[in-house]
Amino acid sequence: YRAIIPAAPRKLHIRSLLPTGVMTTSAIHYLQETGSEGSVGAWADNSGSKSQIDYDLTEEVAPSEFIAGYLRITRKALDDISAMRSYLQSRLLEQYLDAEDNQLLNGTGVSPQLGGLITNAEAYSGFRTIQVEKLVDSIAQIDGNNHSANGILLSPEQYYALLLNRSTTNEYTLPGLGTVTSVNGQMFISGIPVFKSTAMSDSKYLVGDWAKGAQLYVRENPIVRFFEEDGTNVRENKITVRVEGRIALPIYYTDAFVTGSLNANPS
């Protein structure tokens with residue numbers, strides 16, 4: 001065997017859209033403002049007490065969770081196929097990232113799952129039904145929450161559906177005058193870059209302030225390890241290969257992300 005051809009890898013993983021940090025504890029603890037009483041106001045000199053403000057701060061915890069998997073392979077295959085070791089390392093890491101994508105987007109928040117971005121995002125509150133209008137409206141919803149949308153995530157099918165818009169004369173044209181643009185192959189909607197990933201369902205979209213709304217913390221980088229001493233491996237001449245990592249996802253502002261459903265009409 002000269003080479004092993006793996007399955008095609010996912011082109012975009014969700015961790016590449018998020019700021020990343022390193023953690024040394026089992027969880028990320030942070031205080032989140034959940035409300036306030038009073039406000040800053042005008043005050044006349046010598047007129048009594050100034051306006052009093054009281055902030056409601058709630059402690060939030062984002063625990064680190066393991067993502068892992070393993071396989072068993074014969075020692076003969078590992079020894080005789082020269083590319084097998086590097087293939088397993090690459091393929092298992094890719095599968096780890098696929099599983100991580102699902103957790104970062106769709107995790108339920110019930111241990112051992114992370115609390116995912118789509119799971120915790122604010123639901124689209126508008127009335128638009130046409131896809132591109134709904135995405136623009138979602139950008140406005142985030143702006144109305146005092147955040148700045150800087151990324152739209154779609155499935156490849158929905159991404160390319162935007163390019164199939166036709167005019168009344170059946171000519172292909174991007175929807176809206178300047179609403180959807182393309183620069184060097186990168187699509188933008190109202191100036192916000194659009195990303196595509198097979199991690200996204202065809203029926204969902206996610207618009208967000210990816211820079212400030214959430215952060216990926218790595219407790220243990222994903223690593224592939226080979227074990228001979230596992231179960232009946234010694235007696236059966238087998239090797240156990242494990243991939244494992246440990247991450248946390250604190251979502252600082254759930255209203256910095258908006259999600260909704262998509263229909264089949266892109267125009």
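Strand 8 and strand 9 (residues 192–196) run antiparallel and are joined by two bridges; strands are DSSP E runs of at least two residues, numbered from the N terminus, and two strands pair if DSSP finds at least two bridges between them. The model is predicted: local features need pLDDT of at least 70, side-chain atom pairs count only at pLDDT 80 or more, and totals for chains, interfaces and linings use all residues. Residues are numbered from 1 along each chain as its sequence is written, and side-chain values use heavy atoms, with hydrogens and water left out.

**Strands 8 and 9**
- Phe 188 has Pro 193 in strand 9 as its bridge partner.
- Two residues lie between strand 8 and strand 9, which form a hairpin, and Ser 190 in the turn has a positive phi of about 50°.

**Strands 7 and 8**
- Strand 7 (residues 180–183) is antiparallel to strand 8, with four bridges joining them.
- Gln 186 in strand 8 stands opposite Val 183.
- This pair also forms a hairpin with two residues between the strands, where Asn 184 in the turn has a positive phi of about 50°.

**Faces of strand 8**
- In strand 8 (residues 186–189), Met 187 and Ile 189 make up the covered face, while Gln 186 and Phe 188 make up the uncovered one.

- Leu 31 is located in strand 2 (residues 27–37).
- Leu 31 counts as exposed because its relative accessibility is 59%, the cut-off for exposed being over 50% relative accessible area (1.4 Å probe, protein chains only).

Note on methods: Buried means under 20% relative accessible area, exposed over 50%, partly exposed in between (1.4 Å probe, protein chains only).
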